[in-house]
Amino acid sequence: MTDIASSPLEPSGTALGPTSVAAIAATARGTPAPWRLLARRPTFIVGTVILLFWIVCAIFGHAIAPYNPLAQQLLATNAAPSGAHWFGTDPLGRDVLSRVITGAGDILIISLLAVILATILGTALGLAMGYLGGAFDLISGRLVEAVLALPSIVIALLFVAAVGPSTTTLTILVGLVFTPLISRTVRAAVLAERQLDYLSAARLLGENRARIMFGEVLPNVVPAILVEFTVRLGYAVFTVATLSFLGLGIQPPTPDWGADIAANYVGLTAGYWWQVLFPALAIASLVIAVILIADSIEQVLAS
Amino acid sequence: MNSDLPAAASSPTAPSSADAPLALSVQHMDVTYRVRGQDRLALRDVSFSIERGESYGLVGESGSGKSTAALALVRYLPGNGRVSNGMISINGLDPLSMDKAALRDLRARTVSMVYQEPGRALNPSLRVGRQIAEVFGIAGQSSGDATASAEDMLRKVQISDPGRVMQRYPHELSGGMAQRAVIAMALAVSPSLLILDEPTTALDATVEAEVLDLVAALRSEFQTSVLFISHNLAVIAKMCDRVGVLYAGELLEQGPAREVFNNPRHPYTVGLLRCIPRRGQRKDTDRLDTIPGFLPTPGQSLTGCIFAPRCALVQDKCRTAEPPFFAVSDVRTSRCYFHEQAPDLPRATPASIPASGADRAGSADGAGEPLVVIEGLSKTFGGNVRALAGVDLSIQRGETLGLVGESGSGKTTLARVLLGLTGPDQGSVVTLNGTPLNPDAQRRPRAVLRALQIVFQNPDSALNRRHTVRALISRPLSRLAGLSGARLRARLEELITSVRLEDRHLPLRPSQLSGGLKQRVAIARAFAGGPEAVVCDEPTSALDVSVQAAILNLLADLQTTERVTYLFISHDLGLVRYLSDRIVVLYLGRVMEVGPSETVFAGPHHPYTEALFSAVPSLDGERPSRIRLTGEIPSAADPPSGCVFHTRCPRRLSTGICESTEPPLHEDEPGHLIRCHIPLSELRTLQRNDSVPSQGGSS
């Protein structure tokens, strides 16, 4: 991921003392640093601003929130949005705004850890499938497809029923569900690299397979992994929220967007729309922000 | 500079120019691309014209703007490009002032284009016949007529079974067939101007020869004017009446093709021609000349002559004022103040060979144990594709063995088996210094790995783009030479100096280097371990001519200093002749001919070798086109019976023996083996009789 920040041009920019025609020709041929191109994209800026907002909420939520998200005010239940409670209150009189702000914490941490786990496992698996090929690729490829064929919610239901819901369970679960997806993307990227002669050159230096996979191929598929990571982060946020909504994730009374929607959607018929709308908007904005960032990265890397 | 141009246009070769408009006239055309908010000039003040029925060649290296010129003519430039100045007139029409409908009409009826990749010019999901008929349909024919016309047109481009070809999809056609179909489409509307942009660059030599013959024949039949764009000077020399030499977006020299190539009058043209190995030049006796420096960066603002930074004749005035076009003769112009002195341009690279060259030549005599022996080498892919079939070969220590053949002949497979990148079939024997080699490179001991290395064709693919030059060269030094620390750094310095790289290149990544520099890094990697033999797999085919010469010189120098053996694979016979001591000709995975370079080139040769030689256009005057191959290269999955070449052989015997029995590789002269039923003496008579002036280059 640091790759996007470190421009391939930086070393030359400083190292070139006497500028010869060659040096100018060489540097001019390169493009500006990827992160500069990223920073010029409005979609990236919008996505980053929203994501940063939620990260700040996740870290400093309890300090920012106007009320204690767990504090019940039994005299102000189901209060509509007002000056005192901007987002209204829920059936137990808890401040919805405070719950939305503090609810960012768990979902972000779980999604992030889960996707990191999935990326590590998926990259290793994808590299091995793509580079080793043959029987290994065939067998693990079929296994991956088998896992992908099962609806992830069903797997999650079984898993949580067996182990019991907890933050750790949820992280591992989402991580494992996303691993095959990432491994397929990495495998495809590795297959494209396999056609290239630098791998033959490495074999002629007597390099072993692990070194070729991780030292030669991996750096070249990092861009693909980076895009996949961000895309999956968006999906992970959505998956975690869904599982919480189903009661398989974060448990009440901990503030959580998915769980809060599940707890309050019956109130919609009574007109208490604010109890559902604001957590739902929070999920949507976070997912969209991550997808916007992923899109921008993909387009910059493709250009 | 304006005054000289009309002179060229109203040259004596164009008596009819008064009554009919020129097929193409370009006056002072500038093309700019807008890149990141800045305008970059890609073409500057380009002017040329094409008479009716004339063939005009634009020749230039990559980055010269020749394709941009072609695109600009019919306003096909990408969105950020535009013709920012000048005038274009095609058959009297001005495409620059046309609205969309008129432009479409122009592209449909007046101008046709043929591109480098025929596979990409055809719609992969439509049958060939329908695509060609569509062109006639647009011209107003009914669908039945259009189909008939399409079939007729395919017959005109010498497709023998047009009915069947029309039913095929583009991917079912070979490259040569597909390009014929594209040419058929281009000529369908009888355009007044046909633009051919590198039409044969993606094709094999024998197929290229056929397509070029076809274009020449059709041009006389259809009276079409042709704009022929190529980087290949020999192809332009063969195909064009007049030529323009393009460099960094400027036309530097213009005139009749023969005159320009035989007596160039611009220092760039002179330098470019000296980069190409000519008949009679050999690595032992002549160094190729090079053009120092690099192409200017697009958009760089230059005062004076654009070639001045690389020119050996440069004077102060060249740097301050751009030279106008000087009329060298009635029909020739050169954009150089010193066009009179241009033919005497001082060499950038000394012609003489370093002193040790002489004794190196002696060392490759073939005496003593061969370095590599290959016996009964076969390689079958996927159960039935026989890429190599029983190849016997030996490589002598210190020699350069040239490997020639068309694509699919097994050249690269042979190299990969030798290196251990592809495992051969059971029973094949490959030995190095008498020791059998493990078929898998990763199981070979370090001593073997360092002994056999390769320079790949495409440095972009061969160098890991995420590594720096330092890492790319240091790794083999530590892996193969076992060096580390200060000794590694010292050897690294030595190595990069010997391949003419500089310290400032070390922290760069491949994407920041030019093609020639990248190939030097690849060469440094191959030489890091002190190899005994290096496979050079088309090492210069991705490079420009001026860069190629420097790389060839480097390879020759390294052979002298490192006493290394080369297996040199190339489709360019001129290069093979320049570098090789012995030559192997492969066809469908079989050795057709082996022998000392000059013997093989002088002949008598195998009919296939003969065909290869007569297929390649040359700058050394028109070679007698003695024989032409017809038909396609058979599939290696289903090789013909008997002699595998009999399906295309122009000298096939009427006795039927060629169809039934595979001839042995027999040695008629010492060291010269030919796989043919026709005895050498008879081949000699046959080839003498056909070729009017005998091959002059050999001693």
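Visitor: What makes the eight strands β17-β18-β19-β14-β20-β21-β23-β22 of chain B an open sheet?

Guide: In this predicted model, the sheet runs in that order with mixed pairing; two strands pair if DSSP finds at least two bridges between them. Strands (E, at least two residues) and helices (H or I, at least four) are DSSP runs, numbered from the N terminus. β17 (452-455) and β22 (665-669) of chain B each have a single partner strand, so one side of each lacks a neighbour in the sheet.

Visitor: How do you know that β21 and β23 of chain B pair?

Guide: DSSP has to find at least two bridges, and β21 (residues 590-596) and β23 (residues 672-675) of chain B have two, in the antiparallel sense. B:Val594 stands opposite B:Leu673 in β23(B).

Visitor: Why is chain B called as compact as a globular protein of its length?

Guide: The globule rule is 2.2 Å times the number of residues to the power 0.38, and the radius of gyration is taken over C-alpha atoms. For 699 residues the rule gives 27 Å; chain B has 26 Å, close to that, so it is as compact as a globular protein of that length.

Visitor: What share of chain B is called buried?

Guide: A residue is buried if 20 or more other C-beta atoms, placed from the backbone, lie within 10 Å of its own. Buried residues make up 50% of the 699 in chain B.

Visitor: How are residues and chains labelled, and which cut-offs apply?

Guide: Residues are numbered from 1 along each chain as its sequence is written, with chains lettered from A and ligands numbered from 1 in the order written.

Notes
Predicted model: local features only at pLDDT ≥ 70, side-chain atom pairs only at ≥ 80, totals over all residues. Buried ≥ 20, exposed ≤ 12 C-beta atoms within 10 Å, placed from the backbone.
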